[in-house]
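Please look over the sequence and the 3D structure shown here before reading on. The paragraphs after it go through the structure site by site.

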Amino acid sequence: MNTLRGLYAITDSQLLEGGKLLPYVEAALQGGARLLQYRDKSTDAARRFDEASALAELCARHGATLIINDDLELAARLGVGLHLGQGDGSLSAARQRLGDDPVIGATCHAQLELAERAVAEGASYIAFGRFFNSNTKPGAPAATPELLDQAAMRFALPVVAIGGVTLDNAPGLIARGASLVAVIHALFGADSAAEVERRARAFSALFT
Ligand SMILES: Cc1ncc(COP(=O)(O)OP(=O)(O)O)c(N)n1
Ligand SMILES: Cc1nc(C(=O)O)sc1CCOP(=O)(O)O
Ligand SMILES: [Mg+2]
């Protein structure tokens, strides 16, 4: 299985509208992203299925792991991973439905107790945040980087850091034990696919 370490790219419907989804994601994968999350809050099930299927193909070609945000049924249909927040349904039910192999991630905000529960329910990684001001989700609950020291000491699972992560602040998160940095704006808020690839390479190099 793909090791859970490195750049975790997350899509954004606004940043990637106008035909950018596939070329920008391909650039991120070319630049070394190990995980890709399809995060689309729309209710257009047919378009979501088509887009997620295309992303699954791209991920397979690049040896990366696809994760679907929020939507257990879509993840089950495609046989890929899933990310669940605190209001997104039961993690243990998702694990039962998807089986042992797919990666399932859990949002834990800044609370180690939520991570404790996620581990018990079968999570593959635990995600903490937001660590910095986020363009994408400014209202997400705040976390401090010190939390990562405690999480890395207490849990054997990979720890994901999310929220306002940039090339400048990512090294501090990795030094404190983040196995993956999850990034939207600082990766995909770019003028060209070439720039996305350059940024992805720079994020990925932080883990070598
Ligand atoms: C890797 C990762 N971490 C946290 C989140 C946030 O999940 P959630 O709290 O369910 O919020 P939405 O993303 O669904 O708005 C995430 N998606 N990915
Ligand atoms: C989707 C999401 N979840 C967060 C959390 O803290 O749980 S922060 C966030 C947005 C991440 O995007 P950006 O890299 O643009 O800040
Ligand atoms: Mg969610």
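The model is a predicted one. For the feature "domain: Thiamine phosphate synthase/TenI", an unreviewed UniProt entry lists residues 7–187. Within that span, 39% is helix and 19% is strand. The C-alpha atoms at its two ends, residues 7 and 187, lie 10 Å apart.

The UniProt record, again an unreviewed entry, also places the feature "binding site" at Gln37, Tyr38, Arg39, Asp40, Lys41, Asn69, Thr107 and Lys137. From this set, the lining of the largest pocket takes in Gln37, Arg39, Lys41, Asn69, Thr107 and Lys137. Two residues of the annotated set, Tyr38 and Lys41, can be taken in turn.

Is Tyr38 buried or exposed? Tyr38 has a relative accessible area of 1%, and because buried means under 20%, it counts as buried. This residue is found in strand β2, which covers residues 35–38. Leaving aside neighbours within four places in sequence, Tyr38 is in contact with Thr11, Arg47, Arg48, Glu51, Ala52, Leu55, Leu66, Ile67, Ile68, Asn69 and Leu74. With one of these, Glu51, there is also a polar contact between side chains, at 2.6 Å.

Lys41 is found in the loop between β2 and α2, the latter being residues 45–62. Its relative accessible area is 53%, and because exposed means over 50%, Lys41 counts as exposed. Apart from neighbours within four places in sequence, Lys41 is in contact with Ser13, Asn69 and Asp70. Which of the side chains does Lys41 join through a polar contact of 2.6 Å? The partner is Asp70.

The magnesium ion, ligand 3, is coordinated by Asp70 (OD) and Asp88 (OD), at 2.1 to 2.2 Å.

An oxygen atom of ligand 1 is 3.1 Å from an N or O atom in the side chain of Asp70. For the side chain of Asp88, the distance from an N or O atom to an oxygen atom of ligand 1 is 2.9 Å. How many residues surround ligand 1? There are 16, and the closest are Arg39, Lys41, Asp88, Thr107 and Lys137. Of these, Thr107 has an N or O atom in its side chain 2.8 Å from an oxygen atom of ligand 1. Arg39, Lys41, Thr107 and Lys137 are also among the residues in the "binding site" annotation from UniProt.

Ligand 2 is surrounded by 13 residues, and the closest are Ser134, Thr136, Gly164, Ile184 and His185. Thr136 approaches through its side chain, where an N or O atom is 2.4 Å from an oxygen atom of ligand 2. Gly164 has a backbone N or O atom 2.8 Å from an oxygen atom of the ligand. A backbone N or O atom of Arg130 lies 3.1 Å from an oxygen atom of ligand 2.

Two further residues remain. Leu29 lies in helix α1, residues 21–30. At a relative accessible area of 5%, Leu29 is buried. Not counting residues up to four places away in sequence, it touches Leu58, Cys59, His62 and Ala64. Leu29 and Ala94 are 65 residues apart in sequence, and their C-alpha atoms are 26 Å apart in space.

Ser179 is found in a loop, the one between α7 (170–175) and β8 (180–183). Where does Ser179 fall, buried or exposed? With 17% relative accessibility, Ser179 counts as buried, because the cut-off for that class is under 20%. Leaving aside neighbours within four places in sequence, Ser179 is in contact with Leu4, Arg5, Gly6, Pro158, Val159 and Phe207. Ser179 and Ala106 are 73 residues apart along the chain, with their C-alpha atoms separated by 14 Å.

Terms used:
Residues numbered from 1 in each chain as written. Chains lettered and ligands numbered in written order. Predicted model: local features only at pLDDT ≥ 70, side-chain atom pairs only at ≥ 80, totals over all residues. Heavy atoms only, no water. UniProt positions renumbered as here; feature names shortened; annotations may be inferred. 1 Å grid on protein atoms, 1.4 Å probe; cavity = no way out; pocket = protein on both sides within 12 Å on 5 of 7 lines; lining within 4 Å. Helix = DSSP H or I, 4+ residues; strand = E, 2+ residues; numbered from the N terminus. Buried < 20%, exposed > 50% of the residue type's maximum accessible area, 1.4 Å probe, protein only. Contact = heavy atoms within 4.5 Å. Polar contact = N/O pair within 3.5 Å; in protein donor to acceptor, adjacent residues only side chain to side chain. Donors = N, O, S within 2.8 Å, 3.2 Å for Na, K, Ca; no water. Near = heavy atom within 4 Å.
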